[in-house]
Amino acid sequence: MSDLYAGLTALALLGAGLWAWRHWHYPSFWYIVGFPIIAISVRASWRRVALGCGLTKKRQRWWFTTVPGLVASTGIVKVKRRFQRVAVDTKPFMWLPLPTRHGWCVTLHTLEGQTPGDYAEAAERLAHSWGVHAVRVSSPRPGRVVLAATMRDPLVRVDQLPPSPELLKVTVGRLETGKPWIIDFRTVPHWINAGATQSGKSNLANALIVGLAPQPVALVGFDLKGGVEFTPYAPRLSALATSRTESLTLLEDLVALMIDRMGLCRQASARNIWQLPPAIRPVPVVVLIDELAELYLMADKSEKDDIAKASTALLRVAQLGRAFGIYLFCCGQRIGSDLGPGVTALRAQCSGRICHRVNDPETATMTLGDLDPAALVSARAIAAETPGVAIVAGQDGQWYRARSFYVTEHTAEQAAHAHAHLAPAWDEITAHLPKPVNA
Ligand SMILES: Nc1ncnc2c1ncn2[C@@H]1O[C@H](COP(=O)(O)OP(=O)(O)O)[C@@H](O)[C@H]1O
Ligand SMILES: [Mg+2]
């Protein structure tokens, strides 16, 4: 009897120990205990899971089978073993699963006739079969697919904004894979940031401001909602437009600046400002636009010309800005063709896409374009309780679910004040530009 008690006590202690380990240091618990158990069960259940998720193929195999033979005189059917061809379900070959920070990943060999798309289609079924939060499919080379499973949603809690020391490169949040979410204007110059109200658009703009404020870049703001969003950051902004007339002037300045830089590059036979010697390299300009629709919205007919001019100027900046160090970050609830003819062309120039929670499927389609349909499904599934979660498509042609770090207006304002001395004056930047004729 006492043996039983001792055994039970030992078990309880072991359980409590494991629980405490898991609680206090989850990463080591995961690598040493959690992952091996899961890896074994994933391998052991793979035939059943593949069969259930429709990832197997019928193949003809030679196999020992039992076939009914003669009926014996006793009435019992005698079975015989025979070697014959039968159809068997074959599963895709699976390598050993490897642990990742938030789950595990495993490489499979596709069966004949299968594409990575077949696996992407089965991803949700696989996630449910394995009891994991999500399964993402990628294909590193033909004939191989990698399934990456995340155990729990890693985006429920994200931590503090880290410093961003590299020029024009800001870590704004975390990807679902556990990797940092980086907005790098030098690889992807122009961005669209769409989402419903309260979805986290401004939070992301705040994160950019905090990240870029200590860097040697000029920040320019367009805030046509009366300047309520960006005015607190004015100390670090080189220019801020809060009305239609101001934005038109500022956009014309930007175009003139671009043309000036074009001349500079031509003289030095450089393709872009980064090929210029650092001594004469002009300062990069990041343009933040808070509500893009406001730029295009017409209150009355008299504004039509101004809007057309602004739209053309913005489009020129988008088309040519990259080489001359002018980068766009356009936020908006809807960035659709219904705003005006220039918007579709502008969107085509913005290769960086961020889609926060949206109210209608069209906005997601509009923002993410013809990305993988699974990305659209994922975008529509973003919950209102998790503002800052977005679908991101950028440099590598892949899409990711990500969440921005929480950056309050207060934090951004503090950063703007702390680095106010780094803001190049707009007059200085535009000093040697030819003045517009009508000025
Ligand atoms: N990444 C995030 N993490 C936590 N909370 C966030 C995050 N992003 C936004 N929020 C919360 O959601 C609210 C709305 O965000 P905001 O950026 O103002 O949305 P939008 O500009 O799209 O209307 C903010 O007040 C903030 O508290
Ligand atoms: Mg906002």
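Predicted model: local features only at pLDDT ≥ 70, side-chain atom pairs only at ≥ 80, totals over all residues.
Local features need pLDDT of at least 70 and side-chain atom pairs count only at pLDDT 80 or more, while totals for chains, interfaces and linings use all residues. Residues are numbered from 1 along each chain as its sequence is written, and chains are lettered from A and ligands numbered from 1 in the order in which they are written.

An unreviewed UniProt entry places a "binding site" at Gly 195, Ala 196, Thr 197, Gln 198, Ser 199, Gly 200, Lys 201 and Ser 202; such annotations may be inferred rather than shown by experiment. Thr 197 lies in the loop between strand S10 (190–194) and helix H6 (201–212), and Ser 199 is found in the loop between S10 and H6. Helices (H or I, at least four residues) and strands (E, at least two) are DSSP runs, numbered from the N terminus. Thr 197 counts as exposed because it has 9 C-beta neighbours inside 10 Å, whereas Ser 199 counts as buried because it has 24. The cut-offs, with C-beta atoms placed from the backbone, are 20 or more others within 10 Å for buried and 12 or fewer for exposed, with partly exposed in between. Beyond its neighbours within four places in sequence, Ser 199 is in contact (C-beta atoms, placed from the backbone, within 7 Å) with His 356, Arg 357 and Pro 387.

In helix H11 (residues 361–368), the buried residues are Thr 363, Ala 364, Met 366, Thr 367 and Leu 368. They pack against S10, strand S15 (352–355), helix H12 (373–380) and strand S16 (389–393).

Ligand 1 is surrounded by 13 residues, each with its C-beta atom, placed from the backbone, within 6 Å. H6 gives the largest share of this shell, 3 residues.

Technical notes:
Contact = placed C-beta atoms within 7 Å.
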